[in-house]
Amino acid sequence: MSEPALVALRGATFGYEDGPAVLSGLDFDIREGRALALLGRNGSGKTTLMRLLSGGLKPDEGRLTVDGEPVTYDRKGLTRLRTTVQLVVQDPDDQLFAASVEQDVSFGPLNLGLDHAQVRVRVAEALSALDITALADRPTHLLSYGQRKRTAIAGAVAMRPRVLILDEPTAGLDPDGQERLLTTLDGLRAGGTTVVMATHDVDLALAWADDAALLTPSGVRTGPAATVLARTDLLRAAGLRLPWGAAAAQLLRAQGLLTETQPGPRTPAELAALAAGRPAASGA
Ligand SMILES: Nc1ncnc2c1ncn2[C@@H]1O[C@H](COP(=O)(O)OP(=O)(O)OP(=O)(O)O)[C@@H](O)[C@H]1O
Ligand SMILES: [Mg+2]
């Protein structure tokens, strides 16, 4: 691997107190600018891995590095890590606690010791990125689930992290809410944020991610999403099914409509283009 990873775990072993090891000897890289989907069956350790990558948990063995520098778990080291990596947990109710949306999103930047003017700029920017500016004064307990999710993500975005890690961000969102969230994430990526998400949705992972990491009982397997998510053996080991795009690619190859090296469709629009014998429109 040529470029050093932005965030890396090396030889990480972790188990909760009074439990067996959840992860052992794990090497894991977050590469700058690459959208990464993390997949695996329930209980495989996705949330645990995300908490290790964001410093909420400390590996029993092994180490976490940022730009090649080992992370220290003292106050200073963790503050530095928090300005680089932000985790958004799956349930927004575990993250939101302030009375209003604006107060909640302000909390992180205020805690960094920024002055009020700087905090206001960051909060406005984060609310706008998540398209919830109109909700700024709303009490968080009166928000819908999707609005609470957006507020929780805005709180992380207001920290201007280089890496945003999202634990099952689309779970519980309606189809339109999922689409809107992916558009929001595209906007953040275009602004230079590296995005990592855990998901059980193989179709979404194939359509959205550059790389996919599968947590299997024999370790983590990472590679280009289209390659990893076409491996039925790995998918089975991770408790997942083949994405429809990969299934369609198999069918198109059998019909001679797609060569071995041509990428398969990731969206219905790309499938329609391939089936019509046209080159797929990119980014559709
Ligand atoms: N706080 C905890 N204390 C003890 N064991 C825990 C704790 N949190 C998780 N575990 C255990 O660690 C293992 C990994 O859990 P984790 O939540 O990381 O899995 P996951 O891949 O995120 O699962 P899911 O898809 O259900 O969210 C599971 O066996 C779980 O029971
Ligand atoms: Mg989880």
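Visitor: By class, how many nonpolar, polar and charged residues does the shell around ligand 1 have?
Guide: In this predicted model, the shell around ligand 1 has 2 nonpolar, 8 polar and 1 charged residues, where Ala, Val, Leu, Ile, Met, Phe, Trp, Tyr, Cys and Pro count as nonpolar, Asp, Glu, Lys and Arg as charged, and the others, Gly among them, as polar. Local features need pLDDT of at least 70 and side-chain atom pairs count only at pLDDT 80 or more, while totals for chains, interfaces and linings use all residues. Residues are numbered from 1 along each chain as its sequence is written, and chains are lettered from A and ligands numbered from 1 in the order in which they are written.

Visitor: OK, which residues are around ligand 1?
Guide: They are Y16, G19, V22, G40, N42, G43, S44, G45, K46, T47 and T48, a residue being near a molecule if its C-beta atom, placed from the backbone, lies within 6 Å of it.

Visitor: And which helix gives the most to that shell?
Guide: That is helix α1, residues 46–53, with 3 residues; helices (H or I, at least four residues) and strands (E, at least two) are DSSP runs, numbered from the N terminus.

Visitor: Switching topic, what domains is the protein chain divided into?
Guide: Domain 1 covers 33–54 + 70–242 and domain 2 covers 243–284, with bounds that come from an automatic or database domain assignment. The contact between them takes 8 residues from domain 1 and 10 residues from domain 2, two residues being in contact if their C-beta atoms, placed from the backbone, lie within 7 Å.

Visitor: What does the domain 1 side of that look like by class?
Guide: The side of domain 1 that touches domain 2 has 7 nonpolar, no polar and 1 charged residues, and its largest share, 4 residues, comes from helix α7 (residues 202–208).

Visitor: Now D67: where is it found?
Guide: D67 is in the loop between β4 (61–66) and β5 (69–70), and D67 has a positive phi of about 50° although it is not a glycine. Most residues other than glycine have a negative phi.

Visitor: Why does D67 count as exposed?
Guide: D67 counts as exposed because it has 12 C-beta neighbours inside 10 Å; a residue is buried if 20 or more other C-beta atoms lie within 10 Å of its own, exposed if 12 or fewer, and partly exposed in between, with C-beta atoms placed from the backbone.

Visitor: What about R160, why is that one partly exposed?
Guide: R160 counts as partly exposed because it has 19 C-beta neighbours inside 10 Å. R160 is found in the loop between α5 (145–157) and β7 (163–167), and has a positive phi of about 45°.
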